[in-house]
Structure formats: C-alpha cells, structure tokens
Amino acid sequence: MLAKRIIPCLDVKDGRTVKGINFKGLTDVGDPVELGARYAAEGADELVFLDISATLEGRNTFAQLVGRIADRLNIPFTVGGGISSLKDASRLLDAGADKITINSAAVRRPELISEIANRYGSQFVVVAIDARLSDDDGIWHVTTHGGNRMSERELFSWAREAEHMGAGEIMFTSMNHDGTRSGYPCDVFARLASEVSIPIIASGGAGSVADIADVLTLGKADAALAASIFHYGEISISDLKHELHSRNIPVRL
C-alpha cells in the first residue's frame with residue numbers, strides 16, 4: 001500500500017507567510033522558505049504554497065520566491081494562487097515548482113488543465129475543488145474565488161471531467177467544513193475516491209490527529225493537507241506521523 005502523505009499548506013502574500021481567517025486579519029508568521037524548510041525537517045512529505053497576493057508586483061515576488069524555495073527544499077512542493085494561463089503555470093514550474101494547482105481558472109476554462117498537462121505532464125497538475133453542500137437540493141456545488149461564487153458545476157462530475165482533461169491529482173475542500181476544525185466529511189471523500197482513479201488530497205477541517213486518521217482511512221484520501229494545526233504548533237508533523245503509524249496507517253517516518 002502506498003504511504004499516505006502529510007502536506008502542510010502555507011499562504012504567501014508579498015513574499016511572506018501569513019495566516020488569518022478567509023484572508024482577513026492576516027498576521028505575518030515568517031519567511032516561507034525557512035518555515036518550509038522546518039516542515040521538511042519535521043518529516044512533511046510535500047508542501048503547498050498558495051499565493052494570495054492581489055497585485056502584479058506580489059505575483060512577481062512570488063515567482064522569485066519559488067526559485068528560493070526550490071534551492072532550499074529537498075521535498076516536492078506545489079504552488080498555486082491566481083494561475084489562469086499556461087504562461088502563469090510555466091513561469092512557476094520553470095522557476096522550480098514540482099506541481100501547480102489551479103482552481104477558478106479551470107472551472108471557467110477546463111481546457112487549461114489539458115494545456116498544462118500536455119506541456120508538462122499530468123503529474124504536474126493538481127486541480128483544487130472547493131465545493132459547498134446545498135441545504136436546498138443536497139448537491140455539492142463547486143465554488144470559485146475562494147468559495148465566494150457558486151458555479152453551475154457539481155463536485156463529482158467536475159472531478160471526473162478534471163481527470164479526463166488531464167489532472168494528476170484532485171485537492172478537495174468542503175466549504176461547509178473549512179475552518180471549523182470539526183473534521184472532514186469522510187463519506188464524501190470516500191465517494192470521490194471511488195469515482196476517480198487519481199489521488200485525492202483532503203483539505204479543510206483538520207482539528208486533531210483523529211480527524212486526519214479518519215480521512216486517510218474512512219475517507220480513502222491519499223494525502224491530508226493542513227495549515228493551522230502546524231502553524232500554531234498544536235502538533236508536530238513527526239508526532240502526527242508516529243501517531244498515524246501506531247494506528248496502522250502507512251506513512252513515511
């Protein structure tokens with residue numbers, strides 16, 4: 001059985017790691033290169049760096065930062081945020097990123113997935129899906145723009161289409177659970193895993209070791225992504241992995 005992956009996520013604004021709630025009340029928590037190196041030393045399998053800068057100047061800073069990260073890290077890392085063209089993706093992959101993640105731009109124009117996959121390979125393309133369960137119709141509606149805009153797409157059909165277009169992985173976040181620290185909707189992840197053949201990264205909702213253990217077993221996710229529990233020092237990646245190992249969940253120690 002393939003080892004399950006633990007992936008810390010770092011939000012980056014103008015070259016610095018920040019944390020906040022819904023991108024508001026942002027607090028500087030340090031240099032992303034140093035923080036990434038620390039997580040790598042603690043045993044992270046991969047890292048995700050998301051650019052939340054709103055300006056072109058910030059985007060240029062991020063591209064330069066990717067080069068610094070590539071020089072320092074010895075584990076794979078994914079970058080995303082505002083990627084809306086092959087040119088955007090190429091700039092970051094050429095700078096040294098191992099993968100890119102796309103979200104709103106792919107919903108708007110699914111061909112973007114194929115364009116990047118055809119150029120670099122499916123293994124370089126992670127499609128992030130933010131979806132919200134509607135109380136009205138019981139459907140998981142795909143959202144864009146950080147969960148603020150509802151699209152006409154439905155979670156499972158969009159995941160299948162993304163795979164068909166060339167996505168190498170799906171990173172799914174339940175907007176109903178994100179930030180609640182109350183765990184993941186494991187039944188939804190399990191269904192998603194049964195409907196696509198590419199790896200699933202679980203994002204949003206981690207509040208404890210048990211939550212992560214559940215989504216990697218009951219939810220059949222291939223990887224768990226988290227931010228707050230690592231940034232706030234609630235548990236180290238090493239301790240998390242040893243706890244998962246004690247529960248017979250395959251991880252790289």
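**Exercise 1.** Locate Asn248 in this predicted model, and determine whether Asn248 is buried or exposed.

*Solution.* Step 1: Asn248 lies in the segment after α10 (237-246). Step 2: its phi is positive, about 65°, although Asn248 is not a glycine. Step 3: the relative accessible area of Asn248 is 71%. Exposed means over 50%, so Asn248 is exposed.

**Exercise 2.** Carry out the corresponding analysis for Asp14, stating its place and its phi.

*Solution.* Step 1: Asp14 belongs to the loop between β1 (5-13) and β2 (16-21). Step 2: Asp14, which is not a glycine, has a positive phi of about 50°. Step 3: with a relative accessible area of 43%, Asp14 falls between the cut-offs of 20% and 50% and is therefore partly exposed.

**Exercise 3.** Describe how helix α5 and helix α6 cross, and identify the residues that make the contact.

*Solution.* Step 1: two packed helices are described by the angle between their axes and the distance between the axes. Step 2: the axes of α5 (residues 111-120) and α6 (residues 155-165) come within 8 Å and cross at roughly 35°. Step 3: the crossing is right-handed. Step 4: α5 contributes Glu111, Ile113 and Ser114 to the contact, while α6 contributes Trp158, Ala162 and Met165. Step 5: sorted by class, these are four nonpolar residues, one polar and one charged.

**Exercise 4.** List the buried residues of α5 and state what covers them.

*Solution.* Step 1: the buried residues of α5 are Leu112, Ile113, Ser114, Ile116, Ala117 and Tyr120. Step 2: their cover includes α3 (86-95), β6 (99-102), α4 (104-108), β7 (125-133) and α6. Step 3: after α5 comes Gly121, with a positive phi near 110°.

**Exercise 5.** How many residues has the largest nonpolar core, and which residues does Val127 touch?

*Solution.* Step 1: the largest nonpolar core has 76 residues. Step 2: the residues with the most contacts inside this core are Phe49, Ile102, Ile113, Val127 and Ile212. Step 3: α6 gives the most to the core, namely six residues. Step 4: leaving aside residues up to four places away in sequence, Val127 touches Ile102, Ile113, Trp158, Ala162, Ala167, Glu169, Ile170 and Met171. Step 5: a second, separate core has nine residues, among them Cys9, Val48, Ala128 and Ala223.

Definitions and conventions: Residues are numbered from 1 along each chain as its sequence is written. This is a predicted model: local features need pLDDT of at least 70, side-chain atom pairs count only at pLDDT 80 or more; totals for chains, interfaces and linings use all residues. Side-chain values use heavy atoms; hydrogens and water are left out. Axes are lines fitted to C-alpha atoms, for helices over the stretch in contact, and angles run from 0 to 180 degrees between N-to-C directions. Helices (H or I, at least four residues) and strands (E, at least two) are DSSP runs, numbered from the N terminus. A crossing is left-handed if the near helix is turned anticlockwise from the far one by less than a right angle, and right-handed if clockwise. Contact means heavy atoms within 4.5 Å. Ala, Val, Leu, Ile, Met, Phe, Trp, Tyr, Cys and Pro count as nonpolar, Asp, Glu, Lys and Arg as charged, and the others, Gly among them, as polar. A nonpolar core is a set of buried Ala, Val, Leu, Ile, Met, Phe, Trp, Tyr and Cys residues joined through side-chain atoms within 4.5 Å. Buried means under 20% relative accessible area, exposed over 50%, partly exposed in between (1.4 Å probe, protein chains only).
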